[in-house]
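Dear colleague,

Please read the notes with the structure open beside them.

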Amino acid sequence: MCGIVGYVGKRPARELLLAGLKKLEYRGYDSAGISLIADDHIDAVRAVGNLSALEAKLGANAAGSADGAGDGAVAVAERAATTGIGHTRWATHGRVSEENAHPHYDTDDQVHVVVNGIVENYMTLKRRLSDDGSDFTSETDAEVIAHLIASHYDGELAAAVRAAFAELEGHFAFVAMSVREPKTLVAARRECPLVVGRGEGEQFIASAVPAFLAQTRTVQQVENGEIVVLRPRGVEFQTVSGDPIARETEQVDWDEDTAEKGGYETFMLKEIHEQADTVAETIADRVARGTGVDLDEPGALDEALFVGVDRIVVVACGTSYHAGLIGRYAIEEWARLPVEMEIASEYRYRNPVVGEGDLVIGISQSGETADTLAAMRTARQRGAKVLAITNVMGSQITRDSDGVLFTRAGLEIGVAATKTFVCQVAAIYLLGLRLAELRGSLPPERIATLVGELGRLPHCIEETLASVGTPVAQIAEDHWRDEFFLYLGRHVGLPVALEGALKLKEISYIATDAYAAGEMKHGPIALLGDRTPVVCVATDSPVLEKMISNMQEVRARGAHVIAITTAASAHIADQVEVAIPVPAIDWMLQPIVAVVPLQLLAYEIAKRRGLNVDQPRNLAKTVTVE
Ligand code: G6P
């Protein structure tokens, strides 16, 4: 996720902004920039790469070097500006390039902005603003905000931001400044986080507390839908109609380490809690039409290929393989295309039958997994078209494929994948629906319903996170000493079981097995003892009754059934040891919601065993070797 920092006050802003951006480096980024105002000038300097590249650019230009960013950089570096904004970008819309880095500005270079998140209706706004004479210089959705604010500007930045905010759709936070009001920053929040840091005669705003923690510990939270006006002497919170809002200040007592984790005890827990936002970002503008899916974006696969494709083969490893398994059910059901699932390390050595007419999808959060890349290359050499699903722009997989569908999970630090997994699944759902649209395999009304359900996913994840804490903690308390867990599922519940079992194995080092529930009687049933915990994915689906029969078989052997349920399966609550209810959604989309308590269960058990969940033994986040 990108990082935002803003400062207005009495000290040199440039150093404070750079220091703030350094503190946000842990969030991951591929380019950075700052804008400063002084002496009736506003200038931006941006650089691809890490912050030292930005610093070098500022330094080189201050020293008069001719190879840099032009006059702006010279001015930025030399002026003693006390107002400014800074940004670290993790590319989602548009390549990693200087033009796409923030801050962005309007045609007259009057309004500069830094933005996190996604503007869903940017294409519509961009067309309108371009028709009215705006000159766009980047491929980003974010730039539209600068032009939009400038188009509304009539002498008061706060009013222009409110007017712009009312027109923007999506999931974002931004900070704006105008050369005509050099002592003012105006920020706005819709979903993406933003927090104010209060000082004496100076104010800070950032996407996360670490950006200003060294300067102040007095903070004010910015809530959803609010506009904030920061001036050296104080901060005003407003509604979108300009009405004042009172906001308490709070003291944060976090150390730097806790602050980086947003107050959570580990990165993994933070990332589990980011899943609603990241799924929202992944689907956001791609379902903006409301009734269909739009995957036409830079780097995407030519959609003409979708129509002629006869078969899909998915290659992946680990958690990404589980995401593919869910995708297989969705694509086969919706697009009526055969989908084969392949473990990449096996596929590459199998002399596979693959070629023209096949679409091979490589799924990899890192985009660097050696086996997945090799499997994709094999298929490509034999004439198949290759689509990559990845979270990292510029990763190797993006260069080894004919097109890319990006997940937008932001940097994931915990080795055990969580938010990247749910975003991969969301991306495959989008692909499945788009294939169905293009191939005419689902009626438009059904597609519209499913698009509506996709839009509900973030809310369902939030609800799950808010409600499952107590039952999950109780199960962890009862079972953390156990040495074996069995996971069972059917249909889309099976990959959820596989992923739940993998999470527990990875971070708690407990032996787990995950099975198709119907296969239990062909082996794993022999493992069941008196207290064996058996985690069953028993959410609503056409195979729920079958699943319930399997659970009864488990209970008959004295094992403990822990069931993930939805309203339709609520009646089984009294037949199992523990039921963990989650909100119901279309059964094909249920895995994204059902997996959340299983991630938390693995987490709570590992914690009780005193283990390092962020860096489990022997595992690596990116596996670039065979
Ligand atoms: C490693 C990671 C897993 C990941 C797998 C595949 O084992 O620890 O979390 O699922 O690699 O990685 P990829 O980057 O290709 O998704």
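**Pockets, cavities and a helix contact**

The largest pocket has 30 lining residues, and those nearest its centre are P193, S207, Y264, E274 and D277. Please keep in mind that this is a predicted model. The volume of the largest pocket is about 710 Å³. Three helices, α8 (267-273), α9 (275-283) and α16 (444-467), each contribute at least two residues to its lining. The top contributor to that lining is α9, with three residues. By class, the lining of the largest pocket consists of 16 nonpolar, five polar and nine charged residues.

The second largest pocket comes to about 460 Å³. It is lined by 25 residues, with C317, G318, T319, A620 and V623 closest to its centre. At least two lining residues come from each of α11 (318-335), β18 (358-364), α13 (370-381), α15 (419-439) and α18 (493-508). The lining of the second largest pocket divides into 10 nonpolar, 11 polar and four charged residues.

Next, the cavities. There are five of 30 Å³ or more in the structure. The largest cavity holds about 160 Å³ of space. Its lining is made up of 17 residues, and C2, W90, T92, V115 and G117 are the closest to its centre. Strand β6 (residues 111-119) gives the most to this lining, namely three residues. Six of the lining residues of the largest cavity are nonpolar, seven are polar and four are charged.

In the second largest cavity the lining has seven nonpolar, five polar and two charged residues.

Last, the helix pair. Helix α17 (residues 469-479) packs against helix α20 (residues 590-608) at an angle of about 45°, and their axes are 9 Å apart. The two helices, α17 and α20, are therefore oblique to each other. Their crossing is right-handed. On the α17 side the contact involves V472, A473, I475, A476 and E477, and on the α20 side P597, L600, L601, E604, I605 and R608. Eight residues of this contact are nonpolar, none is polar and three are charged.

Regards

Note on methods:
Residues numbered from 1 in each chain as written. Predicted model: local features only at pLDDT ≥ 70, side-chain atom pairs only at ≥ 80, totals over all residues. Heavy atoms only, no water. Axes fitted to C-alpha atoms, helices over the stretch in contact; angles between N-to-C directions. Helix = DSSP H or I, 4+ residues; strand = E, 2+ residues; numbered from the N terminus. Parallel < 35°, antiparallel > 145°, perpendicular 65-115°, else oblique. Left-handed = near helix turned anticlockwise from the far one by under 90°. Contact = heavy atoms within 4.5 Å. Nonpolar A, V, L, I, M, F, W, Y, C, P; charged D, E, K, R; others polar. 1 Å grid on protein atoms, 1.4 Å probe; cavity = no way out; pocket = protein on both sides within 12 Å on 5 of 7 lines; lining within 4 Å. Points joined across faces, edges and corners; volume = space filled by probe spheres on them.
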